[in-house]
Amino acid sequence: MDSSELILVIVVGTALAFDFTNGFHDTANVVATSISTRAMAPRIAVAFAAVLNFVGAFISLEVAATVASDVVDPEAITTTVIFAGLVGAICWNLITWYFGLPSSSSHALIGGVVGATFVAAGVDAIFGDGILGKVLIPALVAPTVAFIVGAIAIVICYRIVGRQRPGPVTNGFRGGQVVSGGLLALAHGTNDAQKTMGVIVLALIATDHLPASGFEVPFWVVASAATAIALGTYTGGWRIIRTMGTRIHKMDAAQGFSAQGAGAAVILASSHYGFPLSTTQVISGGVMGSGAGKRLSAVRWGVAGNIVVAWILTFPAAALIGAATYGVTRIFGTGALGPLVVTVAGLAILAVVVARRLRTGAPIPA
Amino acid sequence: MSALSLIGSIVDWGELGLTVAAATIAGVGITAAFSVAILGAAQFGEQRRQGEMVAAAGAALVAVVALTVCVAGIVFGLIVMLS
């Protein structure tokens with residue numbers, strides 16, 4: 001195995017690791033409201049979401065081989081840049097998961113790649129207008145629209161069913177949540193697994209394993225990306241599920257449906273008009289809106305503020321980690337040694353954390 | 001170039017406006033339609049218990065129509081995903 005093949009193997013492994021973190025980080029988007037309102041039992045909810053994420057990955061194969069191409073100069077993207085960008089995104093996903101904060105995995109990936117590209121090729125390889133159009137404007141639009149839609153939806157919803165007996169109404173909205181959650185899980189599998197497929201395809205093109213145009217995505221790429229995101233989803237990021245489901249505000253079934261149904265509609269409408277928005281930001285905004293629509297004081301604004309801070313930090317923090325990772329790999333030259341050292345170091349840290357948890361008898365958190 | 005004109009040259013405001021309008025109509029619309037479906041179903045049960053079959057049939061019709069709107073929304077969502 002030569003150096004470029006070794007880097008390719010490392011990049012594919014890191015991309016699948018990112019896909020896994022993407023899955024468990026975003027489980028909350030799909031299941032948090034359903035679990036909170038008892039529309040579904042927790043384990044059944046994550047299993048349901050995992051299966052639909054897996055299926056969603058096979059629905060559409062418009063693989064985004066253009067990941068971050070509007071944001072950085074495509075000529076500057078090498079396998080090592082992709083690797084460093086993925087490490088930046090994985091680290092930020094893990095940090096936000098630890099603090100139970102929902103944040104955009106796409107923005108983290110773009111941030112990581114931008115940071116690594118900055119160190120690799122300089123500031124001229126970064127497209128500022130791409131960052132504004134692909135990250136900053138959508139980051140403002142997504143939660144704002146979802147908040148307003150969630151708030152209006154719950155007000156209308158209460159007006160329509162407010163005088164009915166609570167039992168049938170609650171059961172009805174719980175049923176609706178199962179369907180809207182399923183739709184969200186499918187959309188998530190379709191969009192987010194494609195990100196990973198795109199990264200792997202990019203690495204295959206960079207190492208001449210695929211032609212730059214007119215290629216077909218190999219089946220193993222689709223199957224492995226689908227499996228990684230489904231396994232990640234099944235693992236369940238319980239910390240973020242708790243934040244989304246109960247810490248922003250304690251929601252009833254109607255609020256859960258408003259947040260999730262409105263969220264699904266916002267995501268699909270935005271995809272239809274070619275202005276894709278972050279699932280995480282849309283659902284978080286919808287959850288806050290459905291709380292504020294009932295009563296402003298129902299929302300714990302401190303928790304909401306922490307989430308917004310995480311959104312603001314996502315891009316620069318992932319960029320910083322991506323840049324640092326690329327810098328470290330360059331210490332070991334331009335070959336496979338740098339990515340190999342970073343991968344071994346990362347796995348060693350993971351092994352130490354797990355071993356310490358097992359020794360102290362503490363549960364390994366999800 | 002001012003910041004506003006720079007943003008104006010990058011962001012397609014027409015596309016953004018359509019997205020916001022469609023997202024608002026779809027988001028509020030689907031929740032409202034599903035709420036009406038639940039209202040219809042609840043009223044159907046209530047009226048049937050009271051023996052008012054005509055009113056019960058009307059409530060059932062409202063529920064079915066509203067539910068059809070929701071199903072159409074789901075089908076549209078699946079089409080968007082597949083396209």
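Predicted model: local features only at pLDDT ≥ 70, side-chain atom pairs only at ≥ 80, totals over all residues.

Next I looked up the overall build. Chain A has 12 helices and 0 strands.

Then I checked the size. The C-alpha atoms of chain A fill a box of roughly 70 × 50 × 40 Å along the principal axes. Does the radius of gyration agree or disagree with a compact globule? It agrees, because 366 residues in a compact globule would give a value near 21 Å, and chain A has 20 Å.

I also looked at contacts across the sequence. Taking contacts in chain A between residues at least 6 apart, I noted that 88% join residues at least 24 apart.

Last, I picked a helix pair. H1(A) covers residues 3-36 and H9(A) covers residues 253-272. Their axes come within 9 Å and cross at roughly 165 degrees. Angles over 145 degrees count as roughly antiparallel, so that is how H1(A) and H9(A) lie to each other. I put down their crossing as left-handed.

Which residues meet there? From H1(A) I listed Thr33(A), Ser34(A) and Ser36(A), and they meet Gly256(A), Ala259(A) and Gln260(A) of H9(A). Sorting that contact by class, I got 5 polar residues, 1 nonpolar and no charged ones.

Terms used:
Residues numbered from 1 in each chain as written. Chains lettered and ligands numbered in written order. Helix = DSSP H or I, 4+ residues; strand = E, 2+ residues; numbered from the N terminus. Rg over C-alpha atoms; globule rule 2.2 N^0.38 Å. Contact = placed C-beta atoms within 7 Å. Axes fitted to C-alpha atoms, helices over the stretch in contact; angles between N-to-C directions. Parallel < 35°, antiparallel > 145°, perpendicular 65-115°, else oblique. Left-handed = near helix turned anticlockwise from the far one by under 90°. Nonpolar A, V, L, I, M, F, W, Y, C, P; charged D, E, K, R; others polar.
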